[in-house]
Amino acid sequence: CVLKMKQQKSSLNKLLEHLLRGLEKRDPHQFFAWPVTDDIAPGYSKIISRPMDFSTMRQKIDDNEYSTLQEFTEDFRLMCDNAIRYNHVDTVYHKAAKRLLQVGMKHLSPDNLMRSLKPTS
Ligand SMILES: COc1ccc(OC)c(-c2cc(C(C)=O)n3cccnc23)c1
């Protein structure tokens with residue numbers, strides 16, 4: 001029923017909020033905190049057709065737009081891939097995106113997920 005659906009969504013949202021906070025900690029310079037603008041990245045909107053950043057992911061959690069962890073993970077990967085594609089390999093942004101993607105996919109992997117859900121004994 002709808003109420004059950006709402007409850008299930010809210011427990012998914014709690015999990016996604018927790019995961020998002022963990023991922024944001026790995027972006028100390030906040031390069032991924034906000035949408036990239038054409039002012040700071042010339043031609044960005046012409047090159048990157050599907051922009052993504054942590055603030056947009058947080059908004060999507062609040063608007064109940066994620067039905068599964070998979071959809072959340074896809075947005076995280078999209079955000080990193082955008083930076084890997086737009087920025088040349090020798091830039092801080094390309095390097096930060098590669099590192100963030102590596103660390104992030106480890107965090108979001110099933111066995112790590114179970115570890116973060118289980119209370120530490
Ligand atoms: C130097 O300080 C900031 C502050 C915020 C940024 O994006 C939200 C960025 C930034 C973030 C990015 C990305 C993620 O591609 N970027 C690309 C080119 C130039 N600047 C950026 C840099």
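In what order do the elements of the protein chain run from the N terminus on? The order is α-α-α-α-α-α, and the secondary structure comprises six helices and zero strands (DSSP runs numbered from the N terminus; helices are H or I of at least four residues, strands E of at least two). The model is predicted: local features need pLDDT of at least 70 and side-chain atom pairs count only at pLDDT 80 or more, whereas totals for chains, interfaces and linings use all residues. Residues are numbered from 1 along each chain as its sequence is written, and side-chain values use heavy atoms, with hydrogens and water left out. The C-alpha trace of the protein chain spans about 45 × 35 × 20 Å along its principal axes.

Four salt bridges are present in the structure (a side-chain nitrogen of Lys or Arg within 4 Å of a carboxyl oxygen of Asp or Glu). One of them joins the side chains of R21 and E17, with an N to O distance of 3.8 Å. Both residues belong to helix α1 (residues 2-24), where R21 and E17 are four residues apart, about one turn of the helix.

An N or O atom in the N87 side chain lies 3.0 Å from an oxygen atom of the ligand, and a backbone N or O atom of F31 is 3.3 Å from a ligand oxygen atom; polar contacts are pairs of N or O atoms within 3.5 Å. The ligand taken alone exposes 490 Å², of which the protein buries 74% (Shrake-Rupley method, 1.4 Å probe).

Terms used
A polar contact is a pair of N or O atoms within 3.5 Å; within protein, one must be able to donate a hydrogen and the other to accept it, and residues adjacent in sequence count only if both atoms are side-chain atoms.
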